[in-house]
Amino acid sequence: MRKPLIFLISKSVRMVTLLVAICFLSFLLLKSSPIDPIQAYIGAEQLNVGPEQREKIAQYWGLDQPFMVQFFNWGSSLLKGDMGTSMIYRQPVSEVISERLMHTLVLMLAAWSLSGVVGFILGIIAAMNRDTWIDRLIKWYCYTLASTPTFWMGLLVLIVFAVWLGWFPIGLSVPPGTLSEDVTLLDRWKHTFLPALTLSIVGVGNVALHTRQKLNEVLESYYVLFAKARGEKGFLLVWRHGLRNIAIPAITIQFAAWGELFGGAVLAEQVFSYPGLGQATVEAGLRGDVPLLLGLVIISTLFVFVGNLVADVFYKFLDPRIREDSSL
């Protein structure tokens, strides 16, 4: 009981220090960038706003204060749960993020599950048929996908399944012109499928190659050789002696890939006009919405940290070899 508590406390301290460092660096980079918050706030009314009005806007938002004062003011508001007001949506950043977070979570969870299952199965098939044409075909497929840009794959999926075949809608998360109470679960699934499929196809390669490598190491071990000598072979051999040893590394690499998945979601959401955090990030960057950008940086940092934390917990508490090493 004591070791898990110490582990969680140390991880919490790391998360807090990481968040403080990320917040400071993000704030510094945005202040040093050519983004003009006042210009972003004014928008198309820039010709009707004079220098005096600009100064008043700067005083209202505290933009005329020194850098450290602005950072501490923003940080103190953040600790109170106030992430600021989005300049392009004209509503609190927390509301903008919460509205879009659910869309992104559904998309990423679907893509994460699909890529994990398919990648794991492909890795097992490749290892069981090592150095055959099946193994070479799966490796070629994985290496090709590993170098494929997400936006290009998204465009390809969009052209094939939405334009040529017409099986799925071209974009958005719900049918356009439909009231929210009239949107069915099937409608949401149809609009989520193509972005999720794009992320899944791109994410299969790492899991498949990692699983193949781990299973090859297991199949070359002495206890597997001993099992073969007893007459065990084929999938029964892998089921009894391989799956338990490769399942934890495969799950771990899936959780550790949350950062890449989040980055891929930004591009996939942009291709399919899917209203998630990725599209909000692009809009905030292009239109200079500093409060929203900072809020998205914090959320994405927490998201990636939680993914890595879950991966560490899997290794720490499910793999006895890690527990023994940590007790030394």
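Student: Why is Phe24 called partly exposed, rather than buried or exposed?

Tutor: In this predicted model, Phe24 has a relative accessible area of 30%. Buried means under 20% and exposed means over 50%, with partly exposed in between, so Phe24 is partly exposed.

Student: And what makes Phe71 count as buried?

Tutor: Phe71 has a relative accessibility of 11%. The cut-off for buried is under 20%, so Phe71 counts as buried.

Student: How do you know that Phe24 and Phe71 form an aromatic pair, and of which kind?

Tutor: Happy to walk through it. A pair of aromatic rings is described by the distance of the centres and the angle of the planes. For Phe24 and Phe71 these are 5.3 Å centre to centre and 90 degrees between the planes. Centres within 6.5 Å make a pair, and planes over 60 degrees apart make it edge-to-face, so Phe24 and Phe71 form an edge-to-face pair. The structure holds 9 aromatic pairs.

Student: What makes this a link between distant parts of the chain?

Tutor: Phe24 lies in helix α1 (residues 2-32) and Phe71 in helix α4 (residues 67-79), 47 residues apart.

Student: Why is the pair of Phe71 and Phe72 called edge-to-face?

Tutor: The ring centres of Phe71 and Phe72 are 5.9 Å apart, and their planes stand at 65 degrees. That angle is over 60 degrees, so this pair is edge-to-face. Phe72 counts as exposed, because its relative accessibility of 54% is over 50%. Phe24, Phe71 and Phe72 belong to one aromatic cluster, together with Phe27 and Trp74.

Student: How do you know that Glu220 and Arg130 meet in a salt bridge?

Tutor: Side chains of opposite charge can pair when their charged atoms come close. For Glu220 and Arg130 the N to O distance is 2.5 Å. The limit is 4 Å, so the pair counts as a salt bridge. Glu220 sits in the loop between α8 and α9 (222-229), and Arg130 in the loop between α5 (93-128) and α6 (133-146), 90 residues apart. Glu220 is partly exposed at 49%, and Arg130 is partly exposed at 39%.

Student: How many salt bridges are there in the whole structure?

Tutor: A search finds 2. Arg212 and Asp135 also form one, with their closest N and O atoms 2.8 Å apart, again within the limit of 4 Å. Arg212 is in helix α8 and Asp135 in helix α6, 77 residues apart. Both Arg212 and Asp135 are buried.

Student: What makes Thr198 buried?

Tutor: Thr198 has a relative accessible area of 0%, and buried means under 20%, so Thr198 is buried. Thr198 lies in helix α8 (residues 185-219). Beyond its neighbours within four places in sequence, Thr198 is in contact with Thr150, Met153, Gly154, Val157 and Phe272.

Student: Why can Ile159 be part of a nonpolar patch on the surface?

Tutor: Ile159 is partly exposed, with a relative accessible area of 36%. Patch residues need over 30% and no salt bridge, and Ile is among the nonpolar side chains, so Ile159 passes the accessibility cut-off. Ile159, Val163, Trp164, Leu165, Trp167 and Ile170 form the patch, with about 680 Å² of accessible area together. Ile159 is in helix α7 (residues 150-164).

Student: Which residues does UniProt list as "transmembrane region"?

Tutor: The unreviewed UniProt entry lists several spans, including 140-168 and 188-209. In the model, residues 140-168 are 76% helix, while residues 188-209 are 100% helix.

Definitions and conventions. Residues numbered from 1 in each chain as written. Predicted model: local features only at pLDDT ≥ 70, side-chain atom pairs only at ≥ 80, totals over all residues. Heavy atoms only, no water. Patch = residues over 30% accessible without salt bridge, like charges linked within 9 Å, V, L, I, M, F, W, Y side chains within 5 Å. Areas by Shrake-Rupley, 256 points an atom, 1.4 Å probe, with all protein chains shown as cover. Salt bridge = Lys/Arg side-chain N within 4 Å of Asp/Glu carboxyl O. Helix = DSSP H or I, 4+ residues; strand = E, 2+ residues; numbered from the N terminus. Buried < 20%, exposed > 50% of the residue type's maximum accessible area, 1.4 Å probe, protein only. Phe/Tyr/Trp six-rings, centres within 6.5 Å; stacked < 30°, edge-to-face > 60°. UniProt positions renumbered as here; feature names shortened; annotations may be inferred. Contact = heavy atoms within 4.5 Å.
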